[in-house]
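Here's a quick tour of how some of the side chains in this one pack together. Have a look at the fold, then read on.

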Amino acid sequence: MAASLASRLTDLHARIADAARQAGRDPRSIHLLAVSKTQPASAILSAYDAGLRAFGENYVQEALSKQPQLPADIEWHCIGPLQSNKSKPVAEHFAWCQSVDSLKLAERLARQRPAGLPALNVCLQLNVGAEVSKSGITAAEAGALAEAVAALPGLRLRGLMTIPPPSDDPGQQRRWFAEARGCFEALQRQHPSLDTLSMGMSSDLEAAIAEGSTLIRIGTALFGARPPTR
Ligand SMILES: *Cc1c(COP(=O)(O)O)cnc(C)c1O
């Protein structure tokens, strides 16, 4: 297993480097988040041993059960939809929450962030397709929410995360990512410290990098196919 993870990681770095070159970007400006939902702690440890330190989890309870078995210097990102009444373990056990989609959730995370920890890094989740089935705010809502979140103690607003509607068409993929980029750049004008545009997964990372992604979230291309769940 370790060997195949290593070879997938090599392939992934080559894809990132190619996409960055085509976009005229420095590959070091694109950070890799290993999405480890449904993967056992042993698989996360293999990825850790291969040098990865940032891991994304969708299901809080699943993450909490794996975290104690893993090295303490892992940077955990919550990337799944989060109901505001489930915020406390995220405030206490994660470094990032990328799925903030309401002021109520942000306020709870801010209040629940333990004083001894650094600020919780936060991305607002932007619903670019405005799909009713997906969580996230619209571009029209982003400015006001960013303003309010940036003022909360205990949180550090870093940028936007988006999961566009699935498409096999690279042109369509780029249009969704371009929409997110436009919204991100508008926010940056108000908040110049924003540095994170989290977009791109295993099947669309090239389009995301072409449109300025700074953080790609990769599951399948790193760990292999996930077992079917839920
Ligand atoms: C599962 C998931 C990913 C990774 O998807 P892959 O296609 O396996 O790379 C990225 N982001 C979010 C929010 C996810 O839920």
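Leaving aside its neighbours within four places in sequence, which residues is L155 in contact with?

## The cores

Keep in mind that this is a predicted model. Once the neighbours within four places in sequence are set aside, L155 is in contact with A106, L109, A110, A119, L120, V122 and V149. L155 also belongs to the largest nonpolar core, which has 64 residues. Within that core, L12, F55, L109, L124 and L155 touch the most other members.

There's another core apart from it, made of five residues, including L33, V35, A54 and I79.

## One aromatic pair

Search the whole structure and you get one aromatic pair. The partners are F55 and W76, with 6.1 Å centre to centre and 45° between the planes, so the pair counts as tilted. F55 sits in strand β2 (residues 54-57) and W76 in strand β3 (residues 75-78), so the pair ties together parts 21 residues apart in sequence.

Are these two buried or exposed? F55 is buried, at a relative accessible area of 0%, and W76 counts as buried too, with 7% relative accessibility.

## Helix α2 and what follows

Helix α2 spans residues 41-49, and its buried residues are A41, A43, I44, A47 and Y48. They're on the same side of α2, because they cover an arc of only 160° around the axis.

One of these buried residues, Y48, has R53 lying over the face of its ring, 3.5 Å from the ring centre. After α2 comes G51, with a positive phi near 110°.

Terms used: Residues numbered from 1 in each chain as written. Predicted model: local features only at pLDDT ≥ 70, side-chain atom pairs only at ≥ 80, totals over all residues. Heavy atoms only, no water. Buried < 20%, exposed > 50% of the residue type's maximum accessible area, 1.4 Å probe, protein only. Helix = DSSP H or I, 4+ residues; strand = E, 2+ residues; numbered from the N terminus. Arc of directions from axis to C-beta. Phe/Tyr/Trp six-rings, centres within 6.5 Å; stacked < 30°, edge-to-face > 60°. Lys NZ or Arg CZ within 6 Å of the ring centre and 35° of its normal. Core = buried A, V, L, I, M, F, W, Y, C linked by side-chain atoms within 4.5 Å. Contact = heavy atoms within 4.5 Å.
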